[in-house]
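Here is a briefing on how the chains of one model meet. Backbone exceptions and strand pairing follow.

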Amino acid sequence: MTNPTIENIRRSLGRTDQSALSPRPAIYPPRQTESAAAEIDRFLREIKKLSGVGRKLSAGDVEPALRTLLSEQDIHTATAWDTAFLKQLGITEMLQAQGVKLVSPNADKREMAKCDLGITEADYVLPETGTLVLRSSYEKPRAVSLLPRVHLAIVRPDSLRADMHQVFAEAKHDHYLLFITGPSRTADIELTVTLGVHGPRNLYVWVQTPQ
Amino acid sequence: MSKAQLFLTCLGDQFYTSTLQNMVRILEQLEVELVVPPGQSCCGQPLSNNGFEDKTRAVAMNFLRAFGENDAPIVAPSGSCASMVKHHYAGLFPVGSAEHALALDVAARTFEFTEFLIHQLKVTDVGAVYPHKVTYHPACHYLRELGLKTEAKTLLNAVQGLELVPLREEETCCGFGGAFSVTYPEVSRSMMENKVKCVMASGADTLVTCEPGCLMNMAGGLHKAGSNMRALHIIDVLASK
Amino acid sequence: MTSPLHQELIIMSETPSYIAFEEYSERVPASIPAAVQQATERFVAGRAARVGELPQWEELRQIGSDIRQHTLENLDIYLARLEAAVLSAGGHVHWAGSGEQARQIVLQIAQANSVKAVVKSKSMATEEIHLNDALEEAGIEALETDLGEYIIQLAGTGPSHIIVPAVHLTKEEVAALFSKHLGIDAPTDPTELARIARETLREKFLSAQMGITGGNFLIAESGTLVMVTNEGNGRMCTTMPDLHVAVVGIDKVVPDWESLTVFLKLLARSATGQKLSTYTQFITGPRRAEGEFGPKEFHLVLLDNGRSKILSDPVGRDVLKCIRCGACANVCPVYKNVGGFAYGSFISGPIGAILSPQMLGTQAARELPFASTLCGACAEVCPVKIPIPTILLHLRRRVAEGDEFSEPTISLPLRATAALASLALAWNWIYRFGARLLPAINPFFRRDGWLSGLPYPISRWTKVRPLPSFGSRFRQWWRARSAERKGEKR
């Protein structure tokens, strides 16, 4: 069965339901990757340009860094992705030890909306643009990077990809994929750049490096 | 000795007698043998730009008759009119027709004046002397349809005593646009006033451009703004001794 | 707030039956071009910086153009693929031939789900079909959540710029709007105003039953909706409510994910001078796991509304290559001097001047193709190389000479003038004769060497700036000189 829109298109183009697909033009190749260290540096430079706060740290640095973030941002309530990597880092224990109230990442949206801080990983990162790529699942709810006013992403070094081409090759069958490039922003009132209009105002990105 | 046919353009013909005379002097000094086909009128761009393709065709035919017999290059003191012939004539006639072939032939040997000097005659210095501060407005069709980005500045820089000063927003249209200037006069006014403001702020005493239409527009605007700046076609500067 | 005239100019709640560009352009308040130019200057500079960083920019543009061309030429196949892919991802697909059909489809989905409140993210397609009015009429609250769109919805006006729709309003005007509509005493600090909007809209996101969005691209390969936004409201609309309805033009299809890389690299750089916009979402059907965030139902409304008709014009159809970056408007000297409202429709600037006449017909939008000096700045920056001046000229032809849908719609005086001009220019003896007569009028209008106050239609020139005196002595000079030289030779 066909529909009027497609029939109109065929009539306009002088095609029929037998017309073949012509070959698609070639695309531009992805950018070449540099050394991992250079890529991480480039990534962190971009995060900074985007008004995010990026740094490298080893597993042992996570706790002091987190303590600093909690006090800087006056965090009382937090939520985090329920993933093996974050568990292994002991994120929830560290938060509890600091007296932060934890909300389940699968809690009701109104509960989630009360969180000051949302912690995620990044499934991939793109150094050229300073982009975090997040996949979505029950364990990785997309609201964690959206509702809280502060978003912290802890990045494994093996999540570096040279370009979006590689990310798409690996993740294009996902039902939801998200690129985050800097904190939420607007310039809608007199072109004044304002961060955090609907999404997080503050974006922290920690890239884990070997100890 | 090279040859050329002068395409006066209708604005040149009506308003810029001395510029055309200077064009003759410069080209003859460069030993170009000139003819001025008497049957020429206008390239038809005003009609074409208003959408009257049929009526443009008749005017284009007149042009092709006037210039087609002689196989010498055609030189115009206007990038816009040259571009009309170069880029828009062939499309007026069915592919395969004699007119189409003639239009292609004529298009291939039609040149804007500075383009002709630099790319055909290979001349960058015509021995001019013009001891003034000059700012330059690149006309839109000259710049974008013909892609002449450096030619005028190259010629101006070779003029003895001439100091070329930058023009803010130089590549922004002056608001002439042919029929546009009378179709939407108030928009044309805002654009022209903005251009004139930039020209007056340049610190130059002379404004130079390669397009009679834009020259008319900006010179009129400068006059209306009470400015004493001179506004000249590049040909007039290149003819100064 | 805004003057009544100002209001009258900029409310665009219905598809216009005639777009009076000249009349609009002459009554635009001076504050609008001033504000618009601030925005365009920023975006032009941002774009130039990003483009300068990419040595392969021109190649990317060419590839982008080629892929858009290819997609339009095979649109029937790609749309069929897209539909099949959305369905297999568990989404619903609705075909809307007209704006009216699209409105009915969305209303039916809303009513079937007892929707009381809708949150919307910025979408040109829903502006094109005036969806908000239809929802409001049906008693459903439809709230724009992009900050700029929210502001102009409160103000009851249309957008003045494609990227920053409320740029014509000052922070004081925005504060007054917030005070009036939210019953608060709003400060004039933009950051504070944004905070107020965040808090007000946050509650709406959490309570609305349906999110309505547009879409930047549709990937045929996988049935994926791609949305590019900066504020996060787009994410809210696709994450919080149980229903997500995307209304997207059929021209937004890209073949596959590989092709998409090209457009994502071109879009934000051309639009705002960002490498990528803050949030890029890739949505393939509804949520999968029970308890996962995201909508239970995903509906894609594919909007034709004249697009399939536009495809029949091999020159004009290139307008459908557009990826809505707004770069053409940012460099357009006409747009910068009149702002978005003068174009009388949801889309303004050069791209509006070539889209509206093809969507609304050459009667309603007959003035728009002429609203350009053909300076070509737009084509120079277009990321998919749409030959805008060529299409403007082509549409002028359709206006002047008629097309398959309409008789000529150009004004009679212009047609008569053109007929006369054609006669005079094609018969060069008439032209030469006329040229010899013209200098005779000089003495009557000359002041300080310039002509002013000439009668209609030249008055439309001289009311703005004087005209040089008619000269036309060159041919005589040349003849005399040639004769003299011949004499010398003999």
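The contact between chain C and chain A takes 78 residues from chain C and 54 residues from chain A. Two residues are in contact if their C-beta atoms, placed from the backbone, lie within 7 Å. The model is predicted: local features need pLDDT of at least 70, side-chain atom pairs count only at pLDDT 80 or more, and totals for chains, interfaces and linings use all residues. Residues are numbered from 1 along each chain as its sequence is written, while chains are lettered from A and ligands numbered from 1 in the order in which they are written.

**Chains A and C**

- Helix H11 (residues 190-207) of chain C gives the largest share of the side of chain C that touches chain A, nine residues. Helices (H or I, at least four residues) and strands (E, at least two) are DSSP runs, numbered from the N terminus.
- By class, that side of chain C has 37 nonpolar, 25 polar and 16 charged residues. Ala, Val, Leu, Ile, Met, Phe, Trp, Tyr, Cys and Pro count as nonpolar; Asp, Glu, Lys and Arg count as charged; the others, Gly among them, count as polar.
- Two pairs of chains touch, and the most contacts are between chains A and C.
- Strand E8 (residues 176-180) of chain A pairs with strand E9 (residues 279-283) of chain C, antiparallel, over five bridges. Two strands pair if DSSP finds at least two bridges between them.
- In this pairing, A:Ile180 stands opposite C:Tyr279 in E9(C).

**Chains B and C**

- Here 49 residues of chain C are in contact with 53 residues of chain B.
- H20(C) supplies the largest share of the side of chain C that touches chain B, seven residues.
- That side of chain C divides into 31 nonpolar, eight polar and 10 charged residues.
- Chain A and chain B do not touch; their nearest C-alpha atoms are 22 Å apart.

**Chain A overall**

- Chain A has seven helices and 11 strands.
- Its C-alpha atoms fill a box of roughly 70 × 45 × 40 Å, taken along the principal axes.
- Of the 211 residues of chain A, 47% count as buried. A residue is buried if 20 or more other C-beta atoms lie within 10 Å of its own, exposed if 12 or fewer, and partly exposed in between, with C-beta atoms placed from the backbone.
- Among contacts in chain A between residues at least 6 apart in sequence, 76% join residues at least 24 apart.

**Backbone exceptions**

- Most residues other than glycine have a negative phi, and most peptide bonds are trans.
- A:Ser51 is not a glycine, yet has a positive phi of about 70°. A:Ser51 sits in the loop between helix H2 (36-49) and strand E1 (53-57) of chain A. A:Ser51 counts as partly exposed because it has 14 C-beta neighbours inside 10 Å.
- A:Asp74, also a residue other than glycine, has a positive phi near 55°. Its place is the loop between helix H3 (62-72) and strand E2 (77-80) of chain A. A:Asp74 has 10 C-beta neighbours inside 10 Å, so it counts as exposed.
- The peptide bond from C:Tyr456 to C:Pro457 is cis, with omega near 0°. C:Pro457 lies in the loop between strand E12 (450-451) and H23 of chain C.

**Strands within chain C**

- Strand E2 (residues 117-120) of chain C and E3(C) pair in the parallel sense over four bridges.
- C:Val119 stands opposite C:Leu143 in E3(C).
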